[in-house]
Amino acid sequence: MSTHEPADGTDSQAAAPEAGHSELDRRSYERLSVDEEFSDFYRKTIRGLTGFLVNQGASLPEAADIAQETMIQAYRSWSGLRTPRAWVHTVASRAYIRRVTEVREEPADPLPEPTSRLIRPDAAAEWEAHHDALQWVKALPPRQRQVLAWTISEFTPTEIAEQLGLTPEAVRASLKKARRAIAENITHGEEEQ
């Protein structure tokens with residue numbers, strides 16, 4: 001018998017708290033690892049996701065709000081997400097469509113200035129000024145605008161079709177029509193100048 005082990009067998013009881021403590025350390029380490037992984041994903045994705053929603057027709061404040069809500073959902077579901085980038089784009093797109101189609105009440109009092117740290121009050125006009133093509137994107141039919149937004153966010157027609165429940169051919173056709181309409185608007189705009 002070792003000089004460090006008590007004769008009455010209490011050493012197994014003494015080891016139990018250490019095992020529990022190391023389990024707690026392991027879970028803390030795993031949580032920290034997940035948090036770091038999600039934080040990295042968030043930083044790389046949030047701006048593009050917001051732009052994706054603006055390209056579908058959302059205002060910048062509305063897009064930032066939907067993107068933030070989507071990221072909260074992604075964090076809560078993080079361990080079960082196989083393709084997180086596609087997942088957040090799908091969830092955000094569906095959230096935007098729900099907002100567009102819901103009936104809204106008109107507020108009786110003026111709305112307060114936005115306080116979000118994601119956007120500044122003057123950011124919408126500044127963002128639109130840097131994206132001249134946005135006026136032509138907003139003029140597209142909703143499906144073409146949606147497919148174009150997914151394409152701008154670097155998804156392939158096959159990936160888009162999978163996320164939207166369409167065929168890849170339908171996605172390519174909508175994309176072709178969108179590109180043609182924007183090209184015609186650009187040509188028409190240049191001729192008028």
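This is a predicted model: local features need pLDDT of at least 70, side-chain atom pairs count only at pLDDT 80 or more; totals for chains, interfaces and linings use all residues.
1. L53 is worth a click. Setting aside neighbours within four places in sequence, L53 is in contact with A58, A63, I66, A67, A92, S93 and Y96.

2. Next, have a look at α2 and α3. Their axes come within 9 Å and cross at roughly 135°, so the two helices are oblique to each other. The crossing is right-handed.

3. Which residues of α2 and α3 meet? On the α2 side they are E62, D65, I66, E69, T70, M71, Q73, A74 and S77, and on the α3 side W87, V88, V91, A92, A95, Y96 and R99. By class, this contact of α2 with α3 has nine nonpolar, three polar and four charged residues.

4. Then there's the pair α6 and α7. These helices pack at about 125°, with axes 10 Å apart, and are therefore oblique to each other. The crossing of α6 and α7 is right-handed.

5. Where α6 meets α7, R143, Q146, V147, W150 and T151 come from α6, while I160, Q163 and L164 come from α7. The residues in the contact of α6 with α7 split into four nonpolar, three polar and one charged.

Definitions and conventions: Residues are numbered from 1 along each chain as its sequence is written. Side-chain values use heavy atoms; hydrogens and water are left out. Contact means heavy atoms within 4.5 Å. Axes are lines fitted to C-alpha atoms, for helices over the stretch in contact, and angles run from 0 to 180 degrees between N-to-C directions. Helices (H or I, at least four residues) and strands (E, at least two) are DSSP runs, numbered from the N terminus. Angles under 35 degrees count as roughly parallel, over 145 as roughly antiparallel, 65 to 115 as roughly perpendicular and the rest as oblique. A crossing is left-handed if the near helix is turned anticlockwise from the far one by less than a right angle, and right-handed if clockwise. Ala, Val, Leu, Ile, Met, Phe, Trp, Tyr, Cys and Pro count as nonpolar, Asp, Glu, Lys and Arg as charged, and the others, Gly among them, as polar.
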